[in-house]
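Look at the model first, then read the points below.

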Amino acid sequence: MKVEVFPSSISGTVAAPGSKSIAQRMAACALLAKGETTLTHYPESADCTAALNVIQNLGAIVTKRNDEIIIKGGFPNSFNAGIRNPKNEINCGESGLASRMFAPISALHNEEITVNGEGSLLKRPFQNFEESLPLLGASCVTNNGHIPLTVKGPLTGGNIEIDAGITSQFITGLLLALPRAPGDSELVVKNPTSTPYMQTTLDVMQKFGVEVWHKNYEHFKIRSSQNYQPQKLKVPGDWSGAAFLLVAGALCADKKELIVDNLSTEITQADAAILDALLSAGVSFTQEHNSIRLVASHVRAFEFDATSCPDLFPPLAALAAFADGVSTLKGAKRLVHKESNRAKVLQDEFAKANIRITLRDDEMKIYPSAIRPAVINAHNDHRIAMASAILGLGGAKMTIKGAECVAKSYPDFFQVIHQLGGKVVMNQTQNA
């Protein structure tokens, strides 16, 4: 799909979509809980749909009723209770989180289960599981450090050291699975990056009655044989998707205010740090309960460390393109193993719009300039597509090729921008 985005003013009220990060964690916990869990406001993004498909293939029974998703779980004992893939294979689509959650969860079972995926996920690293799962009682064989990988349990627990320098998602998968193992476990985590994401996992687990002790996210103690309890929960709004709306408002809500609601802080979300970044850039906003109100502001050059929230790089790079000087984002090394090599793609695609980005060590510098019309390749990366749309709203016409990739996290993104007053033209032609 090709989308054209033109300079526009936006305003109005919009609810942030449900958090795909939290929704997938809730789906995993519901799989492990014996009984029926009900989730409301569950997102329809590709990653969240993939998570539901996975838990069904692991034996959960999933039904939809109006705005509710009802999940009957109990894995691993439920493996034969629902829909079972005859090849014992689960497909996580392009979701890095789902694949790294469900690999160790699958290892709770005593049959071989293959974890597979599609697209960019096939290039992302998985060697940590090949090294760690055998130390916890399960076998794991990867495809030269990539998926497909095959696990065979049962996971029994134990003590391991694991490097989280590439991603914290390995830790999330182990934290979710190990409380169901028959033995106690301890994790020593080297290079604990993205610690807010680890806290998100712990927050969701606690909702389901499972407790984990930790010290500074570097040392975890996990009690064995804990039972996940079925729950009735609402998936909170997604700060990751909302970040693009907030940046768009900071640049383009120049006639009336933009209100983004459904933004709870009850469960930790790393990308709630967007508010700190906006403050650093001089953006004026007010926070009222679960809503953020803002109008267009003068954007000053800013520095922000996004090491623990790397998904904020694209919206913040777009914000920095309109600043009054050079802005610096730290943590760029975290962007290599995303849907694309996100740092390099931002550099190459923003250059087409006359925005220079330099990369040195762990720093990204953004040099603002007069934005010119450009044809942008989204590189099958939803956050690149949304960041490019912001350049179009605030600067000059952007033609975004492959814009359908927003379905991964925010399928209605372009429709929402249009409803808020943005001039958006969508060409649904498959090869556009």
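A cavity is a set of points, on a 1 Å grid over the protein atoms alone, where a 1.4 Å probe fits but cannot get out. Grid points are joined across faces, edges and corners, and a volume is the space filled by probe spheres set on the points. By that test, the largest cavity has a volume of about 70 Å³. The model is predicted: local features need pLDDT of at least 70, side-chain atom pairs count only at pLDDT 80 or more, and totals for chains, interfaces and linings use all residues. Residues are numbered from 1 along each chain as its sequence is written, and side-chain values use heavy atoms, with hydrogens and water left out.

**Cavity and pocket**

- The whole structure holds one cavity of 30 Å³ or more.
- Lining residues have an atom within 4 Å of a point. For the largest cavity they include Ser19, Tyr197, Asp238 and Gln269.
- Helices (H or I, at least four residues) and strands (E, at least two) are DSSP runs, numbered from the N terminus.
- The lining of the largest cavity has three nonpolar, six polar and two charged residues. Ala, Val, Leu, Ile, Met, Phe, Trp, Tyr, Cys and Pro count as nonpolar, Asp, Glu, Lys and Arg as charged, and the others, Gly among them, as polar.
- A pocket is an open set with protein on both sides within 12 Å along at least five of seven lines. The second largest pocket holds about 310 Å³ of space.
- That pocket is lined by 15 residues, and the closest to its centre are Pro17, Gly18, Pro43, Glu44 and Asp412.
- Nine nonpolar, three polar and three charged residues make up the lining of the second largest pocket.

**Helix pairs**

- Axes are lines fitted to C-alpha atoms, for helices over the stretch in contact, and angles run from 0 to 180 degrees between N-to-C directions.
- α1 packs against α2 (46-57) at about 5 degrees, with axes 9 Å apart. The two are therefore roughly parallel, a term for angles under 35 degrees.
- Contact means heavy atoms within 4.5 Å. Among the residues in contact are Ala23 and Leu31 of α1 and Ala51 and Ile55 of α2.
- Six nonpolar, one polar and two charged residues form the contact of α1 with α2.
- The axes of α7 (239-252) and α11 (382-394) come within 9 Å and cross at roughly 10 degrees. That makes α7 roughly parallel to α11.
- Phe244 and Leu251 of α7 and Met386 and Ile390 of α11 are among the residues that make this contact.

**Sheet β10-β11-β13-β12**

- This open sheet has four strands and mixed pairing. Two strands pair if DSSP finds at least two bridges between them.
- β10 (159-163) and β12 (213-215) are the edge strands.
- β11 (185-190) and β13 (219-222) run antiparallel and are joined by four bridges. Serine 185 has isoleucine 222 as its bridge partner.
- α5 (169-177) lies across β10, β11 and β13, at about 155 degrees to β10.

**Sheet β22-β23-β1-β24**

- Here too, four strands form an open sheet with mixed pairing.
- β22 (374-377) and β24 (423-427) each have a single partner strand, so one side of each lacks a neighbour in the sheet.
- β1 (2-6) pairs with β24 in the antiparallel sense over five bridges. Lysine 2 stands opposite asparagine 427.
- α11 lies across β1, β22 and β23 (398-401), at about 165 degrees to β23.

Key. Parallel < 35°, antiparallel > 145°, perpendicular 65-115°, else oblique.
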